[in-house]
Amino acid sequence: MTYNYPDNSGHFGQFGGIYMAETLIPAVEELRQQYLRFRDDPEFKAEFAYELKHYVGRPSPIYHAKRLSESLGGAQIYLKREDLNHTGAHKINNAIGQALLAKRMGKKRVIAETGAGMHGVATATVAARFGMECIVYMGAEDIQRQAPNVFRMKLLGATVVPVESGSKTLKDACNEAIRDWVTNVESTFYIFGTAAGPHPYPMMVRDFQCVIGNEAKVQMPEMIGRQPDAVIACVGGGSNAIGLFHPYIEVPNVQIIGVEAGGYGIASGKHAAPLTANAKVGVLHGNKVNLMQDENGQIIETHSISAGLDYPGVGPEHCLLKEIGRAQYVAINDDEAIAAFDSLCRFEGIIPALESSHALAHAIKIAPGMGKDKVLLVNLSGRGDKDMNTVAKLKGITL
Amino acid sequence: MSRIDMTFAKLKQQQRKALIPFITAGDPSQQLTVPLMHGLVAAGADVLELGVPFSDPMADGPVIQRASERALKNGMSLRGVLGMVAEFRKQDATTPVVLMGYGNPIEAMGWEIFAQRCEEVGVDGVLTVDFPPEESHEAFEHLQRHNIAPIFLLAPTTNEARIEQVAKLARGYVYYVSLKGVTGAGNLDLSAIEQKLPQLRKHIKLPIGVGFGIRDAATAKAVSKLCDGVVVGSRIVQEVENSTEQNVVANVGKLVKELRLAIDQ
Ligand SMILES: Cc1ncc(COP(=O)(O)O)c(C=O)c1O
């Protein structure tokens, strides 16, 4: 099997593409050319590697969650500790890559959309690090549920703009960031936070995030003498997942499992799991993907306990991986994610992000049915400090 | 000859410029859209752009965003918009109607069914903001088969190679977005438009309409001197927003008459 996507026009099979208003087409084309130019540039690569090592703290370790695994009595659960990165999630890998590119393109103003706030914090961080002006768009509802991250962004010098339109969540923040970009296209670099959007973003974000899977591919044999039986990651837009999955696509006998947000359950309709629910293919935010929509093609409101997964679409490469059967996509409901969150706190002393808790919950679900010699590698995409308010509220506690 | 071509040919003969107002279908109510369309024509509109509301109008400013939200709340759908054009055509067989919006509602319906329905009800052109020529091959094929003009946008950032590409695909007229920004933005720059137009004319033999940021009679008049048609969107939609169901047709008619007078002067 040779897997080589996207094609030159940014398509992953029928998915992807560049569905943008004309004003922005030259901007994404310039971005594509500049990215292709610097991607293989030794100096760019060296600077990216340096930042990842000395600023982010990579490589992130892999940790064997022994007590948790023992309690389940089946497969061994290993965690790729992206939560230990500077700023507390995988988002920084991509933000640094794009900031280095912005610097080379002479852009002094960066904008970003954010859901959980982790990408916003990562962008605000790199903007401070490289001396750039930073504007972050965030849905008004997400500002409520991720208040600590809003404060972090402001401390870092970013302007956080609340978005009051639509469902007041991630998709609306994206709309508003695109509106800013179209207005300030010449001065501004849009640091997009996930492996979706118009070409080259799905490819570029994936490439920057592949450090996760590339490290894991070296670390697992060092730890257990072989690759894991499955790699598991949560899927919002899909950046932490594709970062882990992509290096494993052509590795035989490694199962790939993406975990979407099941919200109140697929049957309730109140979820954010377009792949699991077999959502129709449609066009939003610059790409053609499986998209949660009504019969008239209007995007429907999603629900997830985790702001970072609360998005009606999913990156095009995941749509393709599902279509060709190389990856499997499942959904984990809010209550299952919370239970997994609690388990990791109690068994391992690690407080995970609610997004990552979805991936963990699926591992917890399938581990008991597997042999003790089986190994599941879960991407612990972020830490849970930002979720204290949400979790406390659920437990009826006011902080 | 298509209704769009005929309209522009006649205007050229009369040495007049096209006035192309935009309204969002279903705003302020479904019942008022067809009366508004007739009112626009009576007030001097040459081509009607009828907005198909979408849940995520990324290229629109707050005024048209709110109109889309009102229209969707009123139950407006693409199917419903096509029904309105059929209704409009019962009394008006000559004024071209262009549907303007985002691609996903059409994707959901399917391009072939959509194009077929457009032909049946008398839609003349289709403009999908988020479908650039690169992604329009399939759409183009179906629209062509049913004699519907694909209307393309060009922008201040569009380079010459892309202008050439659009020139090959476009039918009816080409819509030049006069500024970098969303609909309803206030930063119109006349001299920038004037500088860009010769580059457009070099490749585009179709009429060129200019829109985005035209706010009053004075800007409409100034822009009309530079091109073949003036598109006015947010200003009209704002009038709809500020009116009651009782006076909306009259108010919008009055505004469009003022624009007409200014352009014809
Ligand atoms: C910790 C964490 N994990 C996962 C996600 C989901 O994004 P993606 O699917 O792009 O990895 C987010 C998004 O905010 C996040 O903060």
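These are my notebook entries on one protein chain and its ligand, in a model that is predicted.

**Overall build**

I began with the fold elements. Chain A has 15 helices and 14 strands. I then checked how the chain is packed: its radius of gyration is 19 Å, close to the 21 Å that the globule rule gives for 399 residues, so chain A is as compact as a globular protein of that length. I also looked up the box that the C-alpha atoms fill, and along the principal axes it comes to roughly 55 × 50 × 45 Å.

**Where the ligand is**

Next I went looking for the ligand, and found that it sits in the largest cavity. I counted the neighbours too: 18 residues surround the ligand. The closest are A:Thr194, A:Gly236, A:Gly238, A:Ser239 and A:Ser381. Sorting the shell by type gave me 10 polar residues, six nonpolar and two charged.

Which side chains put an N or O atom by a ligand oxygen? I noted A:Ser239, with such an atom 2.7 Å from an oxygen of the ligand. A:Ser239 had already turned up in my list of the closest residues. For A:Lys91, an N or O atom of the side chain is 3.0 Å from a ligand oxygen. A:His90 has a polar side-chain atom that also lies 3.0 Å from an oxygen atom of the ligand.

How much of the ligand does the protein bury? Taken alone, the ligand exposes 390 Å², and the protein buries 98% of that.

Notes
Residues numbered from 1 in each chain as written. Chains lettered and ligands numbered in written order. Predicted model: local features only at pLDDT ≥ 70, side-chain atom pairs only at ≥ 80, totals over all residues. Heavy atoms only, no water. Near = heavy atom within 4 Å. Polar contact = N/O pair within 3.5 Å; in protein donor to acceptor, adjacent residues only side chain to side chain. Areas by Shrake-Rupley, 256 points an atom, 1.4 Å probe, with all protein chains shown as cover. 1 Å grid on protein atoms, 1.4 Å probe; cavity = no way out; pocket = protein on both sides within 12 Å on 5 of 7 lines; lining within 4 Å. Sits in = over half its atoms within 2 Å of the grid points. Nonpolar A, V, L, I, M, F, W, Y, C, P; charged D, E, K, R; others polar. Helix = DSSP H or I, 4+ residues; strand = E, 2+ residues; numbered from the N terminus. Rg over C-alpha atoms; globule rule 2.2 N^0.38 Å.
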